[in-house]
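Reader: I am new to protein models. Can you show me how to read one, feature by feature?

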Amino acid sequence: MHDSILTHARSRYLWISLALSAISIALYLWHDPAVAPNGGTWLGYTLGTIAALLIVWLMLFGIRKRSYSTTLGSTRGWLSAHIYLGTTLILLALLHCGFQFGWNLHTLTLVLMLIVIFSGFFGVYAYLRYPTLMTRNRESATRDAMLEEISEIDQNALALADGIAPEIHAVVLRSIENTRLGGGVWTQLRARDGSDIAIARIRAAIEKRETQAGAAPPALQAGQTIIAMVDFLAGGADDKQSEALRKLIDMLSRKRALATRVARDIQYQAVMEIWLYIHVPLSVTLLAALIGHIISVFFYW
Amino acid sequence: MRWLIRRVLKKGKSSISYEDDTHYGEILTIGRASDQAIFLPDLRAALNHASVTAVGNGKYRVESLIIAGIRVNGEITYSITVASGAVIELGSTRLTLLDARGDYDAAVEVSTIDKSEQAAISSSRKKPTSLSETWISKRWPSWIGFIVVLLLGLLLPAATHVVPGLNKVLRYSPLPSTAFWNPGEVDAAHKIIANDCTRCHQNAFLMVRDTACTSCHASTKAHADPARFNIPALGDARCGTCHQDHNGNRGMVSQAQELCADCHADLKARTRNASQIADISDFGSNHPEFHVNLPGWSGNDEFTPKSMPWSAALKENSGLKFNHEKHLKADGLNAPNGRKVLVCANCHQPDVAGAAMLPISFEKMCHECHQLGFDTLAPEREVPHADVPAVTYTLDEFYARRGLEGGYADARAPTIVQERRRPGSPPLSRQEQVEALAWARDRAREAARTLFTSKACVTCHSINTTAGADGGWHVAPVRVSGIWYVEASFSHAKHQTKACNDCHAGAASSKASNDLLIPGIDNCRECHAGAHSSGKIASTCIACHDYHRSPLLTLDKPATTAANR
C-alpha cells in the first residue's frame, strides 16, 4: 500500500491521536467539578498543559523540516504526527476551556488556533491532491525546459513570420509580448498567462489612439494571434506563404499549449503554498496569544 | 526639419565614441526596413515599427505602427508624448530622445544594449512565477502578528497593574484593558467591582487572598475553629477553594456534596474525637435521624428546649391543652356567629419570610369562641389574656366599683351592694364602705378562682394552684410553633406544593396536644435524597445546612493563629 502522510507507519499517529482523544473525552465526562468545567480545574490545567506543549511541539515542525541532518525520525513521520496531533488539538482545547467562550484573549487564542488548524487541513488536501496533478501536467518535463522551449519557439516563429509578411511578423511580435507567464498572487492562483490582460491593454490603447486621431477604427481587430493569421490566410496568400503560415500556426499552437501548462504548473505550486501564508504567520501570532493567555491567567490568578 | 542622430560606439571597456548623422524630415522612422531613418537589423523589430515626431518645446510624440506596440520608458505603448530624455527600447537597441541642440531641431542617441544588460532587463521584466517572488510573505506578518498580539493582549493590560489610572483610560478607549483578560462573566453580586480587577486580585501572580474577600465579607462566620478541628482541608482552605468567580451568573456557592462529605464521612476519626457530630456522607443513604428540639422549661420558666433524636413514639410538651380532632371537625363548630369550619391555616400561618409558622395568637385565633367573661351580669366584660396579675387587678377593680356604686342585682350580695343609689343620696357610711369592699374582694377572688380553675384558663392551660388561692395563680409556659430543627434551614414556602397533611400526618385525628406532629427524616426522604440519587430530588448538604455557621468565629477575625493565613 502506498505510504502517504496520512497512512505513515500504519497510521501510527492516527491511533495515538484517537487514544489521546478518547482518554480526554472520558476524563472530561468523568470529571465532575463543583463549578462549571473550565480551564482552572485540575483537568482544565492538565488538558491546557498538554495542549500548550502540543502547540509548541507542532511549531517545532517548522524547524524540523529545515534540518536535513537530524536523525530524529523522518520528515514524513513528523508531518504525519503534525497532522493528527494538530487535529486532536481542537478537541483538547475545547475540553480545556469547557466550551466557555467570550470576547477575550483566551477565546482569541482558541480562534487563532482553529484558523491555523483549518488552514492546515487545506494544506493536507493540497499535498494529497496537487503533486499528482502537477506531475501529470508537466508530462515529465520541468518548468525550465518548457520555458526554454517557449523562447525557442518565439525565435523560430519570428524568423518564419518575417518571411511571410510584415503584418504576420507584427502579430507574432505581439504574441511574444503578450505571453507573460506568472504574475501577482491572484494571477498565479487563477492560472492566467496574462494574455487577457495584454489583450485588454491593446484594446484600450487602440481605443485611445482612435479617439485621439478621430480616425475610423482600423481593420486590425485585437484578437487571438491564431485567428488573426487565419484571417490573413483567407485574405488570399500564395501557396508558399500559406504553407509557411500553417507551419507558423502549428508552432504557435504548440507554444500556446506549453504556456497553458506552465501557467497551470505555477497555479498548482501556488495553491500548494498559499495556505502556508496563513498557517505560518497565524501560528506565530498564536504563540504570542498563547504566551499572553498563560501569563494573564496566572497574573490574575 | 533637421534631426541629429548620434550613435554611441563602444570600443573596449571604457572607451566610447560618438558618430553623428543628420536626418532631414518631419518624422523619424524606426524599423528593420532599409528606408527607415533609424535602421535596426533585428528580428524583434518590424519593418516599419514606429515613428517619432518632434512636437516642439522639447517634446516628442512616439507612435507604434504595428499592433505589437513599442516600449517607451519601460512600458509597451502605442502612442505617447514624452519629454526629452525618454528611452525607447527595441530589441537590442536603445534610443534616447535628446534636447534639440545647435542648429538641429531634434536629437536622438542610438546605443546598443549588450547581452548581459538584455538578460538583466528581461529577468527584471519577468513576472513572478512563484508566491515567494510576490509581495506576500510569511516573515513580516508573523512578526507583526506576534508583536501586536503580545503588546495588546499581554503587555498593555499588564501595564495597568503598575501604572495607576491606566486601566480606566483603556476601558474608555478601543484598546484592550484587563477586561480582555476576563475569562468569564463575574458573579452578579460582584459586578459592582468587576471593572477593577485589583479589588480581588491584589497581587500579581498570587491567588486571590482571603483578606480581599473579608474586606467586604467581614461578618461571615467561619466553619469551625481550625485549631480545634485540625483538618488540613479546613486549615488550608481559601475562600476561593469553594467560591470561584468568573463562571457567570450561576452563583458562587458550591452545591457539591463532596465539599462536606469529604470530611464529614469520618469526622470523628479525622478530628480525633474533637467533634462529636455523627458521620454523614449522603442525605439519602447516610444521614442520622433528625434531632428535634422539644420544648421544655427550667424551674423558673426559662425556655430550655431539649434536643432528641426523632422517633414516632416521642411526645412533646407544648404547655397547652389542645385537641386537633375536635377543632378540625369536617362539619364545623358552633361559633358565636354561626357554624365555622376550621382548617390548618386558621391557626397556623407562615411568617413574612414564609419559612416558619407564626406563634398562635389567642386574640386572633381562639378568642372568637373562647371568651374570657367572668360575670353574667356584665357579659361584655372580659379579663385580659396572658397576664395573670392583670386578671386579678381587673377583677378587683371591677367588683370594688360595683360594690361602692351599688345596684348589683345579685341576691347573694349584701343589701348595700344590691341597693341602687339615687342622685342626691347621702354618701356611704364608713361601715357601709367596709361592707361593700369586703364583698367586692370576696367576689373578685371567687371570679378568679372560677376563671383559672374551672371556666376559662384551665381549658387550654395547665394552672398551678399550689402557689395559693389568693391570686398566686401560675400558668404553665407555652410554645406551640417554633423552630423544631435548629441545625437545618427549612422553609414552608418552598414546600407549598404539598398539603399540610403530607408531612404533618395524623394532625387531624390527634386528640392530645403532646402528640409530636413534626415529621422525621423518613418523611423528607420520600422526596429528597443525596446528590447521586435517581428518581428523587438531588439534595446536597447545602440544601438544608449552612457552611459558615461557627457561632464565635468570623472569617476576618480568626480566633487562633492557625487560622491566620
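Predicted model: local features only at pLDDT ≥ 70, side-chain atom pairs only at ≥ 80, totals over all residues.

Reader: What holds strands of a sheet together in pairs?

Author: Strands pair through backbone hydrogen bonds, either parallel or antiparallel. Now look for partners across the pair. I88(B) sits opposite L95(B) of strand 11 of chain B. V87(B) faces T96(B) in strand 11 of chain B.

Reader: Which residue takes a positive phi in the hairpin of strand 10 and strand 11 of chain B?

Author: Look at G91(B), whose positive phi is near 60°. This hairpin has 2 residues between the strands.

Reader: Which way do the side chains of a regular strand go?

Author: In a regular strand they alternate between the two faces of the sheet. Take strand 10 of chain B. V87(B) and E89(B) point one way, and I88(B) and L90(B) point the other way. All of these are buried.

Reader: Which strand does strand 7 of chain B join through 2 bridges?

Author: Strand 7 (residues 70-72) of chain B joins strand 10 of chain B, and the two run antiparallel. Here V72(B) stands opposite I88(B) of strand 10 of chain B.

Reader: In what order do the 7 strands of the open sheet in chain B lie?

Author: The order is 2-1-12-11-10-7-8 in chain B, with mixed pairing. Strand 2 (15-24) and strand 8 (75-77) of chain B are at the edges. Each has a single partner strand, so one side of each lacks a neighbour in the sheet. From one strand to the next, the twist averages 30°.

Reader: What is the order of the open sheet of 5 strands in chain B?

Author: The order is 4-3-5-6-9, and the pairing is mixed. Strand 4 (38-39) and strand 9 (79-83) of chain B are the edge strands, each pairing on one side only. Look inside this sheet too. Strand 5 (residues 50-56) and strand 6 of chain B run antiparallel, joined by 6 bridges. T53(B) has R61(B) of strand 6 of chain B as its bridge partner.

Reader: Where is Y60(B) found?

Author: Y60(B) is in strand 6 (residues 59-64) of chain B. At 2% relative accessibility, Y60(B) counts as buried. Y60(B) and A106(B) are 46 residues apart along the chain, yet their C-alpha atoms are separated by 8.8 Å.

Reader: How many helices and strands are there in chain A?

Author: Chain A has 11 helices and 0 strands. Of its 301 residues, 48% count as buried. Take its contacts between residues at least 6 apart in sequence: 76% of them join residues at least 24 apart.

Reader: At what angle do helix 3 and helix 4 of chain A pack?

Author: Read the angle, the spacing and the hand. Helix 3 (residues 75-97) and helix 4 (residues 105-138) of chain A pack at about 145°, their axes 10 Å apart. The crossing is left-handed. Among the residues making the contact are L79(A), I83(A) and L89(A) of helix 3 of chain A, and M113(A), F118(A) and Y127(A) of helix 4 of chain A. The contact residues divide into 14 nonpolar, 2 polar and no charged.

Reader: Where do nonpolar side chains tend to be in soluble globular proteins?

Author: They tend to be buried together. In this model, the largest nonpolar core has 35 residues. I55(A), L89(A), M113(A) and W181(B) have the most contacts inside it. Helix 3 of chain A gives the most to this core, with 9 residues. Now follow one member. Leaving aside neighbours within four places in sequence, I55(A) contacts L89(A), M113(A), L286(A) and L290(A). Another core lies apart, with 29 residues, including I150(A) and V262(A).

Key:
Residues numbered from 1 in each chain as written. Chains lettered and ligands numbered in written order. Heavy atoms only, no water. Axes fitted to C-alpha atoms, helices over the stretch in contact; angles between N-to-C directions. Helix = DSSP H or I, 4+ residues; strand = E, 2+ residues; numbered from the N terminus. Left-handed = near helix turned anticlockwise from the far one by under 90°. Contact = heavy atoms within 4.5 Å. Nonpolar A, V, L, I, M, F, W, Y, C, P; charged D, E, K, R; others polar. Pairing = 2+ DSSP bridges. Core = buried A, V, L, I, M, F, W, Y, C linked by side-chain atoms within 4.5 Å. Buried < 20%, exposed > 50% of the residue type's maximum accessible area, 1.4 Å probe, protein only.
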